[in-house]
Amino acid sequence: MKIEDRLSLLNYKTDKSYAHITVKPDICETCPDHFCTFACPAKCYTLIEGKLNFKYEDCVECGTCVVACAHDSVTWTNPKGAHGIKYKFG
Amino acid sequence: MSEFDAIVVGAGPAGASAAIRLASSKKNVLLVEKSDPPGSKNVSGGVLWGNGLSAIIPDWEKSAPVERFVDTKSVAFLTQDSKIGIDFSSKKLEQKKTGYTVLRARLDQWLARKAKEAGAMVINGITVEKLHIENGKVTGIEQDGDVITSDTVILCEGANPRVAINSGLRKPLTDHDVAIGVKEVIKLPENTINERFHLKSGAGFACEYVLGYLKGGVEAGGFLYTNKDSISVGIVVSMSHLRKNDATHTYDMIEEFTAHPYIAPLLQGGEMQEYSAHMVQEGGFSSIPKLYGNGYMIAGDSAGFSFSNGLVLQGMNYAIDSGIAAADTFAAAYDKKNFTENALKSYQDRLEGSYVMKDMRSFKGIGDVTWSPFVHKKIPAMLESLMMGLFMEEGRPKKHMTRMLLDALSQNDMLRVSSLMDAYRMMRRM
């Protein structure tokens, strides 16, 4: 099953006013590896025409990207007020 | 005067166990959980090994939302074409139940309810940002500028301990400390699972796999556990090995596993109910931070207490027992009204005296073995050629088994000194 279809099975309470993860575009622009795009299991990090695109809305809060990024671009916080992923099984 | 005797951050197995223990001894305890309901952000494989919960919830097995007790435990190597494994099924595992498959969204919610019933105040949907620290002593938690005070804070945040890191109590995690776990829950009728895995009603199958065939040569482990009417299936890949072979997406790797010729039939006809992922603490002994200080203790995954030797993956048992140890340490400190680093030092002693730190110490360095080309490439290839040798019938005279083993070893380059050293290291560390 495509990752997009797998993600569509999930429930989120998206916080439209707060992105719990942010990246620094100037760092990502010169990044030699873009390892985040391979490590993130929720495909939040993608390359569009060679440029890194990040969306926090699909994040499953696994914590991988902040360790995966070796260039200190990722700032990781927990979503606030029960926002974010809501697993039924876990 | 603090508002609470103790605040526990995180309502997973570690935090809920600590809160239940504290509330049971009439301490005024607050259990704070960021998800609502508790457990709805938590992921584990997951088999809950051991009977640690009996110390705080007698007869827990009767009321806990467990899926199945494990009566068949397997380990297997997978190559492109083959599965070479060992199955252990035993009446003994039915009599003495040692592992239960669980789904964390259900288990953790139940544990939080138990904490509430025991007298803890449980609040959900509150994200603790950092600890409140005054004059070098942790005196509470902070959220959105609000402070809630307590004599001690027990941090049980799980595998991604943001509060501990933000408060400077733990170094940021590195490649060495973590692996990435990716999982799918596949729905199948209870009877189909029983028939497919040869299980009696209520009994379950749990298998860990060494995956030596993934694209890009990435070394990963797989797991497959039966729930009541679903199957939990997934992979665990170490961050450093994924980085070395940075050509594969983690979300594709799990598909490579579930498409394997001897895994796919087990899932056939099933409907995917959930996709999930979480970091896994993998660093073992060398990833364990300082576990206590003035006014705080760290337990469970936040403390790096998880274990994998390729045969089993364990973490929830360590979480429960370290949570209980932290609660007992607090109770002793409470009697003396002293919550300084010195007073909480006995947390370390308690853990050292239990299997928690003993396991961490005796399996120090196991990661070098479990994540090695020796285990992931050479052993599976050697076993495959040995099995083919043993079971092929080509109308030619048969060789003795010792000869065949030697042939299989030499075909796979395993009679070299370096391979013998790898084998020796593996035997020693396992």
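**Figure 1. Helices α15(B) and α16(B) cross in a right-handed sense.** A crossing is called right-handed if the near helix is turned clockwise from the far one by less than a right angle, and left-handed if anticlockwise. In this predicted model, local features need pLDDT of at least 70 and side-chain atom pairs count only at pLDDT 80 or more, while totals for chains, interfaces and linings use all residues. Residues are numbered from 1 along each chain as its sequence is written, and chains are lettered from A and ligands numbered from 1 in the order in which they are written. Helix α16 covers residues 401-411 of chain B, and its axis lies 9 Å from that of α15(B), at an angle of about 145°. Axes are lines fitted to C-alpha atoms, for helices over the stretch in contact, and angles run from 0 to 180 degrees between N-to-C directions. Helices (H or I, at least four residues) and strands (E, at least two) are DSSP runs, numbered from the N terminus.

**Figure 2. Residues joining α15(B) to α16(B).** From α15(B) come M382(B), S385(B), L386(B), G389(B) and L390(B); α16(B) supplies M404(B), L405(B), D407(B), A408(B), L409(B) and Q411(B). Two residues are in contact if their C-beta atoms, placed from the backbone, lie within 7 Å. This contact holds 7 nonpolar, 3 polar and 1 charged residues. Ala, Val, Leu, Ile, Met, Phe, Trp, Tyr, Cys and Pro count as nonpolar, Asp, Glu, Lys and Arg as charged, and the others, Gly among them, as polar.

**Figure 3. Helix α15(B) against helix α17(B).** Here α15 (residues 373-391) and α17 (residues 417-429) of chain B pack at about 115°, with their axes 11 Å apart. Their crossing is left-handed. F374(B), V375(B) and K378(B) of α15(B) meet S419(B), D422(B) and M426(B) of α17(B). The residues of this contact are 3 nonpolar, 1 polar and 2 charged.

**Figure 4. Domains of chain B.** Domain 1 takes in 4-65 + 103-171 + 289-364, domain 2 is 177-281 and domain 3 is 372-429; the bounds come from an automatic or database domain assignment. The C-alpha centres of domain 2 and domain 3 of chain B are 27 Å apart. Chain B contains 17 helices and 19 strands.

**Figure 5. The side of chain A that touches chain B.** In this interface, 33 residues of chain A contact 40 residues of chain B. On the chain A side, α1 (3-7), α3 (36-39), α4 (64-68) and β6 (84-86) each give two or more residues. The residues of that side comprise 19 nonpolar, 7 polar and 7 charged.
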